[in-house]
Amino acid sequence: MAKAAKDTRPIADQATSETACTYAALILYEDNQDIDSTKLAKIIRAANLRVEPIWTKVFEKALKGKKVGDLLHGSSGNTGSTPAAQTTATPAAAETKKAEPVKEVKKAEEPEEDVDMGGLFD
């Protein structure tokens, strides 16, 4: 039985690993497939890259139960309540929300201190 050849490619740095996992997740999303670490790793290998296995697992956990399309369009991606469900409040509740004025909190400015720089800027 022949042994599999050892992968001698260098492991990608953090930024490259994150980018590779992101693109692999987008490919799986576009193909309407579940995003899991095995599929991510397979796509990354096909791109002739090598990332640490932790990255594919992190992306799998981060995207599990999320709607990737919603994340792309700016919502939270949670499968919970939708904006349409939030706008079905009663008119009385809507009036209550309008009646509350928005309070602005102003932070007091702190006076600048003179710091002796030892004659550096004299």
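Student: At what angle do the axes of H2 and H3 cross, and within what distance do they come?

Tutor: Start with the general idea. Two packed helices are described by the angle between their axes and the distance between the axes. Here the axes of H2 and H3 cross at roughly 130° and come within 8 Å. An axis is a line fitted to C-alpha atoms, for helices over the stretch in contact, and angles run from 0 to 180 degrees between N-to-C directions. This is a predicted model: local features need pLDDT of at least 70, side-chain atom pairs count only at pLDDT 80 or more, and totals for chains, interfaces and linings use all residues. Residues are numbered from 1 along each chain as its sequence is written, and side-chain values use heavy atoms, with hydrogens and water left out.

Student: What word describes how H2 and H3 lie to each other?

Tutor: Angles fall into classes: under 35 degrees is roughly parallel, over 145 roughly antiparallel, 65 to 115 roughly perpendicular, and the rest oblique. H2 and H3 are therefore oblique to each other.

Student: Is their crossing left-handed or right-handed?

Tutor: A crossing is left-handed if the near helix is turned anticlockwise from the far one by less than a right angle, and right-handed if clockwise. H2 crosses H3 in the right-handed way.

Student: Which residues make the contact?

Tutor: Contact means heavy atoms within 4.5 Å. H2 supplies Ser-37, Leu-40, Ala-41 and Ile-44, while H3 supplies Thr-56, Lys-57, Phe-59 and Glu-60. Sort them by class. Ala, Val, Leu, Ile, Met, Phe, Trp, Tyr, Cys and Pro count as nonpolar, Asp, Glu, Lys and Arg as charged, and the others, Gly among them, as polar. This contact has 4 nonpolar, 2 polar and 2 charged residues.

Student: Is Ser-37 buried or exposed?

Tutor: Buried means under 20% relative accessible area, exposed over 50%, and partly exposed in between (1.4 Å probe, protein chains only). Ser-37 counts as buried because its relative accessibility is 16%.

Student: Which side chain does the side chain of Ser-37 join in a polar contact?

Tutor: A polar contact is a pair of N or O atoms within 3.5 Å; within protein, one must be able to donate a hydrogen and the other to accept it, and residues adjacent in sequence count only if both atoms are side-chain atoms. The side chain of Ser-37 is joined to that of Glu-60, at 3.2 Å.

Student: At what angle do the axes of H1 and H2 cross?

Tutor: H1 covers residues 14–30 and H2 residues 37–46; their axes cross at roughly 110° and come within 9 Å. So H1 is roughly perpendicular to H2. This crossing is right-handed. Among the contact residues are Ala-24 and Leu-28 of H1, and Leu-40 and Ile-43 of H2. The classes are 9 nonpolar, no polar and 1 charged.

Student: What stands out about phi of Asn-32?

Tutor: Phi of Asn-32 is positive, near 55°, in a residue other than glycine. Asn-32 lies in the loop between H1 and H2. With a relative accessible area of 73%, Asn-32 is exposed.

Student: How many helices and strands does the chain have?

Tutor: Helices (H or I, at least four residues) and strands (E, at least two) are DSSP runs, numbered from the N terminus. The chain has 6 helices and 0 strands. Of its 122 residues, 16% count as buried.
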